[in-house]
Amino acid sequence: MSGGALYQESLRALRRLGLPEVSERDVLAALEAAQPGPLSLFYEAGAEAGLPREALMARGAGLFLSFSAGNLADDLIDGECTYHDPPIRVGPCVQFILQNLAFATLCGAQAQLPGPVLEEAVRTLAVAAGPQALEVRASDWTAPLFRQVAEGIAGQQWAAYLRVLWAGTVLEPRAAAAGRALGVAAHVAEDIRTRDVRFTSMPGADRHAVVAWARAAAQALRRLDLRCLDAALRRIEPMLPEGES
């Protein structure tokens, strides 16, 4: 229900734009493809930080719109955008709408975000996207390359998300460390679960090194003792067993 409330807030933000019907349908398809994604975690993290509901709704919805833009970009890169026809013509337009709507939502008065915080977070998201260029060109994967990509597209991305979500709260000082650890641990666990070529094509020693790195990140999250991370850790930790190869 908590994640659903943020999804509905995202839909309200979309409908307030008054887009042509076909354009709104295209954006809605991208939002549906991105859910549930991080919706519940956004809500639980904001609630644990003590955010007023108005700010939680605006920040959570804005972040989900940003996440949806990134998810669409990934699907276009991987040839998995099955919800737009034709993807190469419709997808970039939808991504542009989502990115700008996310920024407008996070800049709004309801989000209660200081300008410098938003500037820092958006800059971090831009930097986080950089290693994607390494990923799409990679033919041989090693532990150092895997870590460089994961620290960007997952670790820095989540650091930016939590920086926005926890700005002005008692949890703000933990945002960078928690976000990076969460992003890294979740990224490795998901690659193991899906047998992604990034992970499976590495030599055994490199895979062991990456899993050990991810386990250390998960342990760091445990030490933060945050309720909002419990559900994520319950999914992540079983995928990172000792001796994983």
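Rings of Phe, Tyr and Trp (its six-membered ring) count as a pair if their centres lie within 6.5 Å; planes under 30 degrees apart are stacked, over 60 edge-to-face, and the rest tilted. The structure holds six aromatic pairs. This is a predicted model: local features need pLDDT of at least 70, side-chain atom pairs count only at pLDDT 80 or more, and totals for chains, interfaces and linings use all residues. Residues are numbered from 1 along each chain as its sequence is written, and side-chain values use heavy atoms, with hydrogens and water left out.

**Aromatic pairs**

- Phe42 and Tyr161 form an edge-to-face pair, with 5.4 Å centre to centre and 85° between the planes.
- This pair links distant parts of the chain, 119 residues apart: Phe42 is in helix 3 (residues 39–48) and Tyr161 in helix 8. Helices (H or I, at least four residues) and strands (E, at least two) are DSSP runs, numbered from the N terminus.
- Tyr161 also forms an edge-to-face aromatic pair with Trp158, at 5.2 Å centre to centre and 85° between the planes.
- Trp158 and Tyr161 both lie in helix 8, three residues apart, which is about one turn of the helix.
- Tyr7, Phe64 and Phe67 form one aromatic cluster.

**Burial of the paired residues**

- Buried means under 20% relative accessible area, exposed over 50%, and partly exposed in between (1.4 Å probe, protein chains only).
- Phe42 and Tyr161 are both buried.
- Tyr161 counts as buried because its relative accessibility is 1%.
- Trp158 counts as buried because its relative accessibility is 13%.

**The largest nonpolar core**

- A nonpolar core is a set of buried Ala, Val, Leu, Ile, Met, Phe, Trp, Tyr and Cys residues joined through side-chain atoms within 4.5 Å.
- The largest one has 81 residues, of which Leu31, Phe146 and Trp166 touch the most other members.
- Helix 8 (residues 143–165) gives the largest share of this core, twelve residues.
- At least three residues of this core come from each of domain 1 (1–112) and domain 2 (114–244); the domain bounds come from an automatic or database domain assignment.

**Contacts of two residues**

- Contact means heavy atoms within 4.5 Å.
- Not counting residues up to four places away in sequence, Phe146 touches residues including Trp141, His187, Phe199 and Trp213.
- Asn71 lies in helix 4 (residues 53–78) and counts as buried because its relative accessibility is 19%.
- Leaving aside neighbours within four places in sequence, Asn71 is in contact with Ala33, Ala34 and Tyr83.
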